[in-house]
Each structure stands twice: as C-alpha cells, then as structure tokens.
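Try each task before reading its solution.

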Amino acid sequence: RRLAITYSNQYQDADALPIAVEALQAVQKVGDLLDEVHAFNVLGIIQGRLGMVEDAETTFLKGLQLAESIGNEVGIQWILNNISGYAYCWHLGEYTKTLHLIEDLEEKARLENNKSLKINLVLVKAFELIRLGQYAQTIELCEFVMTLHSVVGDQIYAFNLGLTALMFAE
C-alpha cells in the first residue's frame, strides 16, 4: 500500500494501480480489517485520479462500509473526504452527495451515542460546507468542536477549517 502511495504521490497512478489492487488483496487474505480500510481508501484515490470514477465510488463505499462495521472513525473520516474529492466533486460535480452519506452516519452516531464519530462527522461536514461556499454554517460547526470537544488535534483542525471559511467569506 505504501509503495502505491509513493507512486501516486509522484503522479504515476497507472503504475500505482496494480500495486494498490495487490495490497488490498494481500490485507484481505491476511484478514487485517483496519489495514483493509486504508487499502480501499488508497485504491479509491488512485482510481479517482485515473478517471475511473465509478470504480472509485464503489471502492470507497466498500471501504466506508467496512470502516463502519469495525468502528473505525478515522477511516470513515478519511474515506468521506476522499470520496468527495476524488469522485463526487471533481469528476461528477455532485457536491452534496457526501453530505447525504454524512447525514446517514450522523443518525447512526446519534442512535449509538457515539461522540467520537459525531465529532469526526462534524469535521467532515465542515470541510464539505466550505466546498459548497456555506461559510457561516462551517464556522458554527467549527466553533462547536472547539468549545465542546477536548481533543486538541480536532480543535486545531476545526480552528483551521473555521479560519479557512472566514477567509473565503470575506
């Protein structure tokens, strides 16, 4: 997987693709579900960059489903950010499709009273709202994270998102 990332970072996505596929198959064979989520994410990014948008969407959604099933909130956050960037927004112009995925997951987080997932989804939602030009809503979400959440890394991320929204709003 790391080798595929290295090729992709050098814009050699055609070379990265078979390596990413092989990496996914290897972690599936071993049964490492956490690494499988990451492998789906990497493969989806590479497929999206190659213009294989339908394949990328399918790959990301498989990774999202797996991340949900094992409770990998960070994996959920990464996949939502990347499905938006590498499939829905850039290629399909469907800027609200990720928000619909987030809404479904927010309901699940609410029912399970999963605070960690709720915060991760708020951060992804704030990022998506910036893409949609909804800066006031973004700032509100970021203020919520900064005042009610104690994880410093999330607070810093929320601060940076809020700052970005403020700059675009002016």
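**Exercise 1. Is Leu163 buried, partly exposed or exposed, and where is Leu163 found?**

Step 1. Leu163 counts as partly exposed, because its relative accessibility is 38%; buried means under 20% relative accessible area, exposed over 50%, and partly exposed in between, with a 1.4 Å probe and protein chains only.
Step 2. Leu163 is found in helix 9; helices (H or I, at least four residues) are DSSP runs, numbered from the N terminus.
Step 3. Pick out Ile139, 24 residues away along the chain: its C-alpha atom and that of Leu163 are separated by 8.0 Å.

Before you go on, a word on conventions. This is a predicted model, in which local features need pLDDT of at least 70 and side-chain atom pairs count only at pLDDT 80 or more, while totals for chains, interfaces and linings use all residues. Residues are numbered from 1 along each chain as its sequence is written, and side-chain values use heavy atoms, with hydrogens and water left out.

**Exercise 2. Which aromatic pair does the structure hold, and is the pair stacked or edge-to-face?**

Step 1. Count the pairs: the structure holds one. Rings of Phe, Tyr and Trp (its six-membered ring) pair if their centres lie within 6.5 Å.
Step 2. The ring centres of Tyr135 and Phe168 are 5.8 Å apart and their planes are at 20°, so the pair is stacked; planes under 30 degrees apart count as stacked, over 60 as edge-to-face and the rest as tilted.
Step 3. Now place the partners: Tyr135 is in helix 8 (residues 135-148) and Phe168 in helix 9 (residues 152-169), so the pair links distant parts of the chain, 33 residues apart.
Step 4. Check accessibility: Tyr135 is partly exposed at 21%, and Phe168 is partly exposed at 48%.

**Exercise 3. At what angle do helix 4 and helix 6 pack, and which residues make the contact?**

Step 1. Recall the description: two packed helices are described by the angle between their axes and the distance between the axes.
Step 2. Helix 4 (residues 53-70) and helix 6 (residues 97-112) pack at about 15°, with axes 13 Å apart. The axes are lines fitted to C-alpha atoms over the stretch in contact, and angles run from 0 to 180 degrees between N-to-C directions.
Step 3. That angle makes helix 4 roughly parallel to helix 6; angles under 35 degrees count as roughly parallel, over 145 as roughly antiparallel, 65 to 115 as roughly perpendicular and the rest as oblique.
Step 4. The crossing of helix 4 and helix 6 is right-handed. A crossing is left-handed if the near helix is turned anticlockwise from the far one by less than a right angle, and right-handed if clockwise.
Step 5. Glu57, Leu61, Leu64 and Glu68 of helix 4 make the contact with Lys97, Leu101, Leu105 and Lys108 of helix 6, where contact means heavy atoms within 4.5 Å.
Step 6. These contact residues divide into four nonpolar, no polar and four charged. Ala, Val, Leu, Ile, Met, Phe, Trp, Tyr, Cys and Pro count as nonpolar, Asp, Glu, Lys and Arg as charged, and the others, Gly among them, as polar.

**Exercise 4. Are helix 6 and helix 7 roughly parallel or antiparallel to each other?**

Step 1. Helix 6 and helix 7 pack at about 160°, with axes 10 Å apart.
Step 2. The two helices are therefore roughly antiparallel.
Step 3. The crossing of helix 6 and helix 7 is left-handed.
Step 4. The contact residues of this pair divide into eight nonpolar, one polar and five charged.

**Exercise 5. Is Leu129 buried or exposed, and which residues is Leu129 in contact with?**

Step 1. Find Leu129 in helix 7.
Step 2. Leu129 is buried, with a relative accessible area of 2%.
Step 3. Leaving aside neighbours within four places in sequence, Leu129 is in contact with Leu99, Gln134, Gln137, Thr138 and Leu141.

**Exercise 6. Where does Tyr11 lie, and what is its phi?**

Step 1. Tyr11 lies in the loop between helix 1 (2-9) and helix 2 (13-30).
Step 2. Its phi is positive, about 60°, although Tyr11 is not a glycine.
Step 3. Tyr11 is exposed, with a relative accessible area of 69%.
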